Amino acid sequence: MKYRAAWQILFLSIFAGYMLIWVMLPTKTYKIVWTPKLNKHLNSTYFREQGRNLLLFSFPIMLIAALGCLYLHLQKKSNSGSSRSSVNYLRRPAVVMAPIGIVTVLELTFAAMFISLLIWSLANYLYVSFGSLRMQAGVKVWHSKFRSVSLRLGYIGNTCMAFLFFPVTRGSSILPLMGLTSESSIKYHIWIGHVSTVLFVAHSVGFMIYWGAMSHEMSQMLEWSSTYLSNLAGVIAFVMLMAIWATSFARVRRKMFELFFYVHHLYIPYLVFYMFHVGVAYLCMIIPGIFLFIIDRYLRFLVSKRRTRLVSSRLLPNRTMELTFAKSPELEYNPTSTLFVHVPSVCKLQWHPFTIISSSNLETDKLSVVIKSQGNWTEKLYRQLSTSPDHLQVSTEGPYEPASFHFLSRESLVMISGGSGITPFISIIREIISMSTESGRKVPKILLVAAFKTTADLTMLDLLLPLSGIPTDISKLQIQIEAYVTQEHERPHEESSKNNQIQTKGFKTNPSDSPISAVLGKNGWLWLGAIISSSFVMFLLLLGFVTRYQIYPVEHRKKNYHYSYKILWDMFLVCASIFVATSAVFLWQKRKLSVDQKQIQNVDFQTPTMSPSSWLSPSDRELESLPCQSLVQSTTVHYGARPDLKRILLECKGSDIGVLASGPTSIRQKVAKICASSSAKNLYFESMSFTW
């Protein structure tokens, strides 16, 4: 794309200026020199005390988000497969340890900078506040300092809140600009969440100690002031935060996901009471992340109301399901994309992300995901599909693409998986198959190392190719598959044909179902930019109108306008602006897509009903399936052994080898340590984790 460097310099300059404000915020220079001047010019009758923070903290991020949509639209068709040596170095693992997992050089650098910002801010806040303590009669100096420390810890927690929602805004333009996706950046949300909670706990406990043991004013905890912040709202928010935090630890999340899922939705009332506690000025500092999150959440809500046409399902002998949906031919996505699936008959509230294994270039009118039956939700879904229903009501959300798929331009690819971790690699192999059919196109050599527990799990390899009926040419594909069955020492001598069968079921068409299509149409990034810019401008206009003609006249007469009402106005205007702008664009795009969807619904999808597994019963497979025969012949199965990952990786020849690991944490971390060693400079590691 032309002028890419200019765009990047623009974004970097705006972001650097934004971060400079955060650095200067706790300093004496900002408080004594900058603040009076900024208030004089920015705190007008239209915005009052919110004017300064709206310009300094809200506007820069909203500008980046809006311009980022335009940039991503222009970049959409550009080649994003190139990689530079400096980028390769920054992506190398720097720290591999529990519980933080695999941390790259780039992530470690940003984490160090963020922690430095928090330490810098706390130190400067305390330096400034200790120099201007307002001493009351009979109050000890150290008591005042203790209160000041507790208060400033809350300020630092608010800094974390400003960045907390960016990683979980799935459709945001901010994450792609930074080379991230919502799935890969969930860990940043977790890290920031833990840090902010520790700070808020220290802030809250500190004030409890101060009011209870020092000033003896415990009644202050229950105060809801009409002229300033609400302490009671802070107490309520703190109780909710404790519930959210207690259920968000990894062990609780994985063993009691439903508890984590439902309790985590307390974030909505938590945010409301949090805003009542921090006030409008500090609210403007954290608005961008919340604003973009609400836009994304509301768009997802609108999309969730559409029913998706489920074309077929495949049930493998190892209790793995492949769901194939109809999709619009115009919808394109990259390898390793994810799709959120909702099945009301299983659970009316839960949405779960799954890896897309299909290639939009190879399968233009279908999209497939793989689901492993290993939890309450997936077990219920498997039982429903096993009963052979004629129709299953499903809603989908996505697909959400990876920020980069530069690994496709490597000389060779080594893909290491454990169990169902093979699913993202299926999408990569199918994409490479599609690339190999293009004349003059170079494709990487593939070494797939897949570890399974039992022989039945080998049927996952049947998913490497799409359902029969789709022409597939793999003659130019250079692939070697090393499969390891770890819990069985030899191939079972007798396998019943029933256990080897892959059951395929086609579903009847329902007029209310529609194919998967882009949320905002073909030019989705442009429309998202229009939503972001128009809703934020609408919010500013409405806020200015309400402040000038509703709030200012009361305060101008030296009367009190209830402080909580100001916060209610802010929350209402944010939501109203987003709902109006988003609904208008979504309904407009929905009208344009309806005609195409009706045409696609009339297409007759042919699906087989039963087929033997190529890897369990190769002799039963029809001889006409040459691509499948070729893959089976390229496969070596090792029983009763685990892959010697160090030997496999260090024996790889070549100067540009991409190493991808997916599956259990132990496998990913082991591969990361090998790639981070000095003897593996030709290996470029990339971890794929789809668990929280």
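1. In this note a residue is called buried when its relative accessible area is under 20%, exposed when that area is over 50%, and partly exposed in between (1.4 Å probe, protein chains only). Helices (H or I, at least four residues) and strands (E, at least two) are DSSP runs, numbered from the N terminus. By these terms strand S11 is mostly covered, with 7 of its 8 residues buried.

2. The structure is a predicted model, in which local features need pLDDT of at least 70 and side-chain atom pairs count only at pLDDT 80 or more, while totals for chains, interfaces and linings use all residues. Residues are numbered from 1 along each chain as its sequence is written, and side-chain values use heavy atoms, with hydrogens and water left out.

3. The pLDDT, which is the predictor's confidence in each residue from 0 to 100, averages 84 over the chain, and 88% of the residues score at least 70. Confidence is highest in helix H9 (residues 231-246), at a mean of 95, and lowest in helix H4 (residues 85-90), at 56. Over residues 80-86 the pLDDT is below 50, and this stretch has 10 contacts (heavy atoms within 4.5 Å) in the model beyond near neighbours in sequence.

4. Two strands pair if DSSP finds at least two bridges between them; strand S10 (residues 412-418) and S11 run parallel and are joined by 7 bridges. Within this pairing, isoleucine 416 has valine 449 of S11 as its bridge partner. In a regular strand the side chains alternate between the two faces of the sheet.

5. Which residues of helix H11 (residues 257-264) are buried? They are Phe260, Phe261 and Val263. The buried residues of H11 pack against H9 and helix H10 (250-255).

6. Leucine 302 belongs to helix H12 (residues 267-304). Leucine 302 counts as buried because its relative accessibility is 15%. Leaving aside neighbours within four places in sequence, leucine 302 is in contact with Thr582, Ser583 and Phe586. Phenylalanine 586 is 284 residues away from leucine 302 along the chain, yet their C-alpha atoms are separated by 8.0 Å.

7. A search of the whole structure finds 17 salt bridges, each being a side-chain nitrogen of Lys or Arg within 4 Å of a carboxyl oxygen of Asp or Glu. One of them joins aspartate 457 to lysine 372, with the closest N and O atoms 3.8 Å apart. Aspartate 457 lies in the loop between strand S11 (445-452) and strand S12 (479-485), and lysine 372 lies in strand S8 (residues 366-372), so the pair ties together parts that are 85 residues apart in sequence. Aspartate 457 is buried, at 12% relative accessibility, whereas lysine 372 is partly exposed, at 22%.

8. Arginine 647 takes part in two of the listed pairs. Its closest N and O atoms with aspartate 644 are 3.9 Å apart, and its salt bridge with glutamate 651 has an N to O distance of 3.4 Å. Each residue involved is partly exposed: aspartate 644 has a relative accessible area of 40%, arginine 647 is at 39%, and glutamate 651 is at 48%. Elsewhere, a network of salt bridges links Arg48, Glu49, Glu555 and Lys566.

9. Together with Tyr46 and Tyr549, Phe545 makes a nonpolar surface patch of about 370 Å². Patches are made of residues with over 30% relative accessible area and no salt bridge, like charges being joined within 9 Å and nonpolar side chains (Val, Leu, Ile, Met, Phe, Trp, Tyr) within 5 Å; accessible areas come from the Shrake-Rupley method with a 1.4 Å probe, and for residues only the protein chains shown count as cover.

10. Some backbone details remain. The peptide bond from glycine 398 to proline 399 is cis, with omega near 5°, and proline 399 is found in strand S9 (residues 395-400). Arginine 319, in the loop between strand S4 (310-315) and strand S5 (320-326), has a phi near 65°, a positive value in a residue other than glycine. Threonine 336, in the loop between S5 and strand S6 (338-342), also has a positive phi, near 70°. Arginine 319 is partly exposed, at 34%, whereas threonine 336 is buried, at 9%.
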